Amino acid sequence: MQEFEYVAPANLEDAIRLMAEKGPRAKALAGGTDILIQLRGGRFQIDRLVDIKKIPELNELSFSEANGLTVGAAVECYRVYEDQTVQKLYPGLFDSASLIGGIQIQGRATVGGNLCNAAPSGDNIPSLIVQEAVAIVAGPNGRRNISVEDFCAGPGRNVLQEGELLVAIHIPTPKPNFGAHFLRFIPRNEMDIAIANSAVSVLLDDSKQHIVSARIAIGSVAPTPVFAREASALLTGKEANEASIEEAAEATKAAASPINDMRGTIDQRIHLVGVLTKRALRTAISRAREG
Amino acid sequence: MTTTIDKTAGTPGKYKVLGTRPVRHDGIEKVTGAARYGADMNMPEMLHGKILRSPHAHARIRSIDTSKAEALPGVMAVATSKDLPIIQARELNPGQGGPRLLAENDLADKKVLYKGHAVAAVAATSPHIAEEALALIAVDYEVLPTVLGWREAMKEGATLLHDNLTEKFSATRGGAGEDTGNKSNVASHLQLKMGNVEQGFKEADTILEREYNTQTIHQGYIEPFACTAQWIPEGRLTIWTSTQGIFGVRGNVAAILNIPESMIKIVPMEIGGGFGGKGTGYLEPVAAVLSKKTGHPIKMVMSRKEVFEGTGPSSGTSITVKIGAKKDGTITAAQLGMIYEAGAYPGSPMVGGVTSAVSAYKIDNVLIDGYDVVCNKPKTAAYRAPGHPQAAFAAESALDELADMLGMDPMDLRLKNVAMEGDRAVTGVPHAHVGLKEVMDVMKAHPHYTAPLGGPNRGRGVATGYRLNGGGSGSSATINVLANGTVNLTTGSMDLSGTRVAIAMQVAETLGLTAEEVTPQVVDTDSVGWTGGSGGSRITFDTGRASIAAAQLVIEQMGARAARLWEVQPEDVEFVDGIFICTKNTDDKFTFKELAGKLMTTGGPVTCSAMDTQGGVGGALAGNIFDVEVDPETGKVDILRSTVFLDIGQAAHPSYVEGQMQGGTLQGIGWALNEEYFFTPEGVMANSSLLDYRMPTSLDLPMIDTVIIEYANPRHPYGLRGAGEHPIIAPLPAMANAVSRAIGVRMATLPISPGAILEAIEKKNTNK
Ligand SMILES: Cc1cc2nc3c(=O)[nH]c(=O)nc-3n(C[C@H](O)[C@H](O)[C@H](O)COP(=O)(O)OP(=O)(O)OC[C@H]3O[C@@H](n4cnc5c(N)ncnc54)[C@H](O)[C@@H]3O)c2cc1C
């Protein structure tokens, strides 16, 4: 690892300036569970690491009925899954945040870092997509909002411009009769990278027999996490039963364009995405009914 | 749950200390973080060494230009193979092995033979500068075709790794073999024969033939290699290192650097796992050379990636089995072809596989051909029961399938053919007093074996693992008696597994002391007699015997002191239950402690040393039963229940016997289900991290129940056998048998990963 400068600004303006000064040679540091490993492994070289954890605004975790959930960019996974509101209203995010890494990693790793790292396998990203999360970004040219499904640009690449930082992730308040679930497949039971993952959300009608709308997002099967738009749309107005689930799961496979590597083969990944989506839909529907 | 079953009549309660569970002597230091491991050395003026490794799996080194690296501020020295005297002194003859070959693996000379092969080393004022300097070393490679595995290596017209390697043929174990003169990637071919297999197969009613494959896997010790060397100018060389054998390191370093052993001191650090892999060193001669060049101590610590890519894993194998039996289960013949990948240089554990594969059974007609094959992968090193697990995976999977074909219970088939004392194995050596049948009887009778599986997609697998263990290499021990009646025990046996406490307990048993009254220490090469490395399941046995012998000398000498005080002859003093008694006047008694307090006034300290050179811990059997459930949609294996059985002769400290049984089982599970080196076609390991090299985590394992079987070993005063190796053998076939039964497809290739299971299920469904 080469020498670099470490700075820990106390406010967002300083952080943006410190980032912008060094352009591509500056990187943000949240929990460090991705970037420190990448730096040690020599994936890239930088001149400055900007620690964002000292910025109060970025540590905010709050909820209001009107504005939904705000997860500051420096909020660790453990804070997210220990939060009662998250447990109640954002079950998919709860699922993914609580299975990332192990207990030590969850104490450090942030949801924002998971998103910014933009790994195809990032487990929180599909959960965020199916709960219609929006990334709030600030940079030298001010603030902008980006839908999470448009945030990742390729393996390890996101749409942030030089000097821009993620400030928070904002997730709207779900309507009644809402359910969500996240599943991934790993060969071990922890400390592993998803061979495939799938997050789903469903909104049922008041009879709880029909699906008003649904969202399916999958990971580890394409250069970025993918919002399976067509498969999701198929469920609109459908009966919440096995036939609809099977049909949507099958259609989800079409959204996958995986590669062969040491972690899994193309066939295996496409197959698993179908299995996981089917299973996640079953749970999401029953959660919506219980909800 | 733990059970201990005594198979040797009359032993329960025989011992006061052995079989109890005292707190281990090194426990507090380890749990408080005070214990010092390989990377914990820090010295004034110390520099940091880093190794440049080959990016190619096979290439000729045309030239190495180190000038830019040397010019980087902070860099103090650069070393290459030119700095290793043994390499300069003579050409490599890969068939000969020895320190010349080791040197070539420490710093490549003319050729690199695997991705990760060391080519140069840098010493600098910080590890980061050293790393930066590596990038400035210019190596001009002529890249050669990659010979990635046994298949490519054994092909007609294959690219040869070594210009001067010729195939040796041997028909006896341990023989030097005759040189066929054929240039080949096959370094040696061992053929062992008994009876006539053709005749045997004619007598069979059922014959099974199958090929079994396994991949390169690593021991996965958590502590990477680490050492610090200080070579005083014109003076002695001291090396602090994490190793399984300090005397082996001393001998190799002396030979590689061409200096006398008397100029070298090797100091053992606590070891964070070795499993055989740390029987070989890599860094010590390099650190020494850098220290000599700079006049500073040099510390070198490998990264996990270096451990995977640059140190010895265990062999990938391909094993064919043909086995025939009569209707009643009598095995009439077995023929095996066993190919073991040695990696870059000869020396796979093929012999271990050939000699153990079917040796737990009495089979009259056996023919086994073993091949040691070089290819462009790291040079393999030992891993618990070297070569045995791969062999057992093949043989014990075959037995499982054969049992099915015969409509027999798999344990019944084994018991029908189990070898008894005096039966000859294919090695020609008759079986000693080993409890093969005794262990199998216990397994068959265990409630786990007949418990209902209770659900679909479930399977139970059973297998045994026989560690054929022979010679010991020698162990020394010294005991000093302290005035307060305690003793200090000094050995040269690196403690990988709780051997300090297990040996101290044998001394305590002999001297009538408690385990706590014996203080065991592992010391450096200057401070104890020559002792072979910690391997071959021999330490508790060999070093134990040396320590018992030293304790007996202590009793003798202390008895003589008592005789002096009582004014009788030494023969008139007896030592009974920890008390010295005068047979002339039985009122004259000293406890060990009382007498110890009088030593300084009766002739000075008592210090006794002894050596054990006989060794011969002998073979032993272990076995596993697994219940698994397979998710047919994902191929994931869930282990529902696991029981491991092991014959220990007599447990010294049962907790550490259980630790070995559970540890071996979990390593075997990893090997069976997920672990493998995943190579790109260019020979680059794509998964050189613990994230992608999938060893089991605690969440992947059920409680591993242990059944300790004590069938006393007549070769040891207290009946001990080894425990370190045989528990890793049976888990591979037992797991393969369990999964195969759960999904109804025979899984003959490891690892049995979820992807492989999915494919097998899919194939089965489409063939229906
Ligand atoms: C042992 C282990 C297990 C793991 N298991 C999992 C797992 O199961 N699932 C999973 O998805 N991941 C896993 N990871 C990866 C990692 O923990 C997660 O991706 C984590 O959420 C990253 O968060 P972080 O806060 O540590 O990010 P960091 O490493 O601090 O940052 C990650 C990237 O995001 C950038 N970044 C961070 N914050 C900002 C910001 N505010 N604005 C702009 N850019 C920013 C950084 O510059 C960097 O490029 C694991 C990692 C380890 C070491």
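Predicted model: local features only at pLDDT ≥ 70, side-chain atom pairs only at ≥ 80, totals over all residues.
Q: How are two packed helices described?

A: By the angle between their axes and the distance between the axes. Helices are DSSP runs of H or I with at least four residues, strands are runs of E with at least two, and both are numbered from the N terminus. Axes are lines fitted to C-alpha atoms, for helices over the stretch in contact, and angles run from 0 to 180 degrees between N-to-C directions. In chain B, the axes of H19 (residues 654-673) and H20 (residues 731-743) come within 8 Å and cross at roughly 55°. That makes H19(B) oblique to H20(B); angles under 35 degrees count as roughly parallel, over 145 as roughly antiparallel, 65 to 115 as roughly perpendicular and the rest as oblique.

Q: Which residues of H19(B) and H20(B) meet?

A: Contact means heavy atoms within 4.5 Å. Among the residues that meet are B:Gly664 and B:Trp671 in H19(B), and B:Pro731 and B:Met735 in H20(B). The residues of this contact divide into eight nonpolar, three polar and no charged. Ala, Val, Leu, Ile, Met, Phe, Trp, Tyr, Cys and Pro count as nonpolar, Asp, Glu, Lys and Arg as charged, and the others, Gly among them, as polar.

Q: What is the strand order of the open sheet in chain A?

A: Two strands pair if DSSP finds at least two bridges between them. The five strands of chain A run in the order E4-E5-E10-E6-E7, with antiparallel pairing. E4 (61-64) and E7 (142-147) are the edge strands, each pairing on one side only. From one strand to the next the twist averages 20°. Five bridges join E6(A) to E10(A), and A:Val137 stands opposite A:Leu166 in E10(A).

Q: Which helix lies across E6, E7 and E10 of chain A?

A: Helix H1(A), residues 12-22, runs at about 130° to E10(A).

Q: How far apart are the C-alpha centres of domain 1 and domain 3 of chain B?

A: Domain bounds come from an automatic or database domain assignment. The two centres lie 38 Å apart, and 16 residues of domain 1 of chain B are in contact with 14 residues of domain 3 of chain B.

Note on methods
Residues numbered from 1 in each chain as written. Chains lettered and ligands numbered in written order. Heavy atoms only, no water.
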